Amino acid sequence: MSESAVSLNKHEVERLLTYDDLIPRLESVMGKFSKRGSSEIIQPVRSVVLIQQHSGFLGVMPAYLPAEGILCTKMVTFYQREEGSSVPSTRATVLLFHPEHGHVTAIMDGEAITAKRTAAVSAISAKLFKPALSEVLCILGSGQQARSHYDVFTKLFKFKEVRVWSRRKEMAQRFVTDLQGPVTVCSSVKEAVIGADVIVTATGASQPILFGEWVKPGAHIAAVGACRPDWRELDDVLMREAVVYVDCREGATAESGDIILSGAEVFSELGEVINGSFPAQREKTTVFKSLGMGIQDAVSAKLVLEKWNSEH
Ligand SMILES: NC(=O)C1=CN([C@@H]2O[C@H](COP(=O)(O)OP(=O)(O)OC[C@H]3O[C@@H](n4cnc5c(N)ncnc54)[C@H](O)[C@@H]3O)[C@@H](O)[C@H]2O)C=CC1
Ligand SMILES: O=C(O)C1=NCCCC1
């Protein structure tokens, strides 16, 4: 048996990982994970090392899925950067291991995986929770996650209007010039979110930027940023009035400032809605608080490796 590892760069991972393949795998694994005791999936809460001198952290995200033959870990760094910095805030590498023998079978870029799997999971939340008539999409932030969310949300859903807001207006304008469809650049968060049916928050903010008083009743918010216990993107009013869904209860209660500091109750995991044990309360204002899960990286990496193997 060869023990040499396949090595795949960002360009190759981006090419091989398509939303059409990825979304069903994420739905399946999140549904299974949320069955807890009856599933064999092992995924501890991410270990985080703070890099205080540089406003960053290193997260290690292992997962073992015996039934799928996947043993994986992602190592990810995130730094709070100045607007317009040419250096990415999120960097990641994913390792796949041979579950029986323990050697590394693939080492691949994790930035494309992180961007696509996070946006794909948010899109699954929108499929389940967005209002039946959803005409206006609003994206807060103009970085990597904003871009992947734009791509998958406009691929899967038909919106009449897409709006974007970023801290510096020229960054939102730069974001828009790369896109195919029309997007309105907004000058304030309030202007961007008023009347929006679906709102994606994908910023590096550590204080609330989205306030409940601006949010249309029944809207769906996919909240992707604020992944530390003392960081916020959403205010208390929104967190307490909305029905709050999370990707993983343990992760959310350990890492989400929006949940911990607001005291909001978690209604259910996304996987519990997928597997039918909790309802999708589509008619209410809903927040899907995403922190990111090792199992999402694991099934993404396996998919990339399968595709690569089929070509070689
Ligand atoms: N839920 C999940 O699975 C994941 C969450 N994330 C989180 O998503 C967020 C965005 O990540 P990336 O797109 O990779 O970063 P990025 O650096 O590419 O984009 C960050 C965006 O947030 C804006 N921003 C930064 N600080 C801000 C502030 N104080 N107020 C308002 N806007 C601010 C920036 O201007 C930029 O538009 C981060 O919070 C990151 O930690 C990232 C990966 C996965
Ligand atoms: O799940 C991930 O990957 C990340 N989540 C929070 C921010 C860093 C990356």
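Two strands are taken to pair if DSSP finds at least two bridges between them, and it is in this sense that the sheets of this predicted model are described below.

The chain is divided into domain 1, made of residues 6-113 together with 295-311, and domain 2, which covers 114-293. One open sheet has six strands in the order β1-β6-β5-β4-β3-β2, and the pairing within it is mixed. Its edge strands are β1 (6-8) and β2 (47-51), each of which pairs on one side only, while the twist from one strand to the next averages 10°. At the β2 end of this sheet, five bridges join β2 to β3 (residues 56-65), and these two strands run antiparallel; L50 stands opposite F57 in β3.

A further open sheet has eight strands in the order β9-β8-β7-β10-β11-β14-β12-β13, with parallel pairing. Because β9 (184-185) and β13 (266-269) stand at its edges with a single partner strand each, one side of each is left without a neighbour in the sheet. Within this sheet, β7 (residues 136-140) and β10 (residues 198-201) run parallel and are joined by four bridges, with L140 standing opposite T201 in β10. Helix α3 packs on the sheet, where it touches β11 (220-223), β12 (243-246) and β14 (286-289), and its direction makes about 165° with that of β11. Helix α4 (residues 144-156), for its part, lies across β7, β8 (161-165) and β10, running at about 165° to β7.

How do the two domains meet? Their centres, taken over C-alpha atoms, are separated by 21 Å, and 40 residues of domain 1 are in contact with 41 residues of domain 2. The size of an interface is often given as the accessible area lost when the parts come together. Here the area buried between domain 1 and domain 2 is about 3,400 Å², with carbon and sulfur atoms giving 55% of it; on the side of domain 1, Y19, E83 and Q296 lose the most area to domain 2, together accounting for 23% of what that side buries.

The polar part of the interface can be described pair by pair. Between domain 1 and domain 2 the count is 27 residue pairs in polar contact, with both residues at pLDDT 80 or more, and six salt bridges are found across the interface. D297 forms a salt bridge with R117, the closest N and O atoms being 2.8 Å apart. The elements that each supply at least two residues of the side of domain 1 that touches domain 2 include α1 (10-16), α2 (19-33), α3 (111-129) and α11 (294-311), as well as the strands β2, β3, β4 (70-79) and β5 (90-97). Helix α2 gives the most to that side of domain 1, with nine residues.

How values were computed. Residues numbered from 1 in each chain as written. Chains lettered and ligands numbered in written order. Predicted model: local features only at pLDDT ≥ 70, side-chain atom pairs only at ≥ 80, totals over all residues. Heavy atoms only, no water. Axes fitted to C-alpha atoms, helices over the stretch in contact; angles between N-to-C directions. Domains from an automatic or database assignment. Contact = heavy atoms within 4.5 Å. Buried area = accessible area lost by both parts, 1.4 Å probe. Salt bridge = Lys/Arg side-chain N within 4 Å of Asp/Glu carboxyl O. Polar contact = N/O pair within 3.5 Å; in protein donor to acceptor, adjacent residues only side chain to side chain.
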